[in-house]
Amino acid sequence: MVEPTELRTPRLLLRPFTFADVEDVVAYAGSEGFARFMPIPNPYRESDAQEFIARCTLQSWEDHPFFAITREGRVIGSTSVRVEAAQRRAEIGYGIGRDHWGQGLMPEAAAAVLDWAFPTYALDKIFARAGAQNTQSWRVMEKLGMTREALLRSHRIHQ
């Protein structure tokens, strides 16, 4: 059984979300540009953060762990892994507030999650997806050592 856990990097603490994180989630998810490539409400309100945290805390870590990315005691983003155990693969997702872009924090957090998820779930592959215009996310994937395998046209509609 996979239990919620904490991961530490040189600059970050990744941990399960709590309802005390609502204000921080509103701040990062409501930051300029954050919702551009994310299927989240815009503007992002307190009720949206409460719903997000409820989903994160209720979701089983057996197949979809969510980590709050914290720096200096504040939640600045999130990352999760959607596990397909029968296929021995998972998809990583991530997002970080605009104030923290370009500092290498997202690759640092995602690398810690990859290092944890591969042995925890006995995975052969972890992949990520991003829109063709989301160059920042592509850069994160490159820093993680991922290889571009496909361009999925009309795969998902984002409104």
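Trainee: What does Glu108 count as, buried or exposed?
Mentor: Glu108 counts as buried at 17% relative accessibility, where buried means under 20% relative accessible area, exposed means over 50% and partly exposed lies in between, with a 1.4 Å probe and protein chains only. Bear in mind that this is a predicted model, in which local features need pLDDT of at least 70 and side-chain atom pairs count only at pLDDT 80 or more, while totals for chains, interfaces and linings use all residues. Residues are numbered from 1 along each chain as its sequence is written, and side-chain values use heavy atoms, with hydrogens and water left out.

Trainee: Which side chain makes a polar contact with that of Glu108?
Mentor: The side chain of Thr9 does, at 2.4 Å; a polar contact here is a pair of N or O atoms within 3.5 Å, and within protein one must be able to donate a hydrogen and the other to accept it, with residues adjacent in sequence counting only if both atoms are side-chain atoms. Setting aside neighbours within four places in sequence, Glu108 is in contact with Thr9, Pro10, Arg11 and Leu12, contact being heavy atoms within 4.5 Å.

Trainee: And where is the place of Glu108?
Mentor: Glu108 belongs to helix 3, and helices (H or I, at least four residues) and strands (E, at least two) are taken as DSSP runs numbered from the N terminus. Just after helix 3, Ala122 takes a positive phi of about 55°.

Trainee: What span should helix 3 have at 1.5 Å a residue?
Mentor: The 17 residues should span 24 Å, which agrees with the 24 Å between the end C-alpha atoms of helix 3; the expected span is 1.5 Å times one less than the number of residues.

Trainee: Changing topic, how many residues are in the largest nonpolar core?
Mentor: There are 30, and Leu14, Ile92 and Trp116 have the most contacts inside that core. Such a core is a set of buried Ala, Val, Leu, Ile, Met, Phe, Trp, Tyr and Cys residues joined through side-chain atoms within 4.5 Å. Strand 3 (66-71), strand 4 (74-84), strand 5 (89-96), helix 3 (105-121) and helix 4 (135-143) each give two or more residues to the core, with helix 3 supplying the largest share, 9 residues. A second, separate core has 14 residues, including Val25, Ala29, Ala49 and Ile53.

Trainee: Which residues does Ile92 touch, not counting those up to four places away in sequence?
Mentor: Among them are Thr79, Val81, Ala110, Val113, Leu114, Ile126 and Met146. Ile126 itself is in strand 6 (residues 125-127) and is buried, with a relative accessible area of 10%.

Trainee: In what order do the strands form the sheet?
Mentor: The 6 strands form an open sheet in the order 1-2-3-4-5-6, with mixed pairing, and two strands pair if DSSP finds at least two bridges between them. Strand 1 (7-8) and strand 6 stand at the edges with a single partner strand each, so one side of each is left without a neighbour in the sheet.

Trainee: How many bridges join strand 3 to strand 4?
Mentor: There are 6, and strand 3 and strand 4 run antiparallel, with Arg71 standing opposite Arg74 of strand 4. The two strands form a hairpin with 2 residues between them, and Glu72 in the turn has a positive phi of about 55°. Strand 4 also pairs with strand 5 in the antiparallel sense, over 8 bridges, and the hairpin of strand 4 and strand 5 has 4 residues between the strands, with Arg88 at a positive phi near 55°. Since 8 of the 11 residues of strand 4 are buried, this strand is largely enclosed by the rest of the structure.

Trainee: Last one, how many salt bridges does the structure hold?
Mentor: It holds 9, each a side-chain nitrogen of Lys or Arg within 4 Å of a carboxyl oxygen of Asp or Glu. One of them joins Glu84 to Arg89, with the closest N and O atoms 2.8 Å apart; Glu84 is partly exposed at 29%, and Arg89 is also partly exposed, at 32%. Another joins Glu51 to Arg55 at 3.2 Å, N to O, and because these residues are 4 apart in helix 2 (residues 46-58), about one helical turn separates Glu51 and Arg55.
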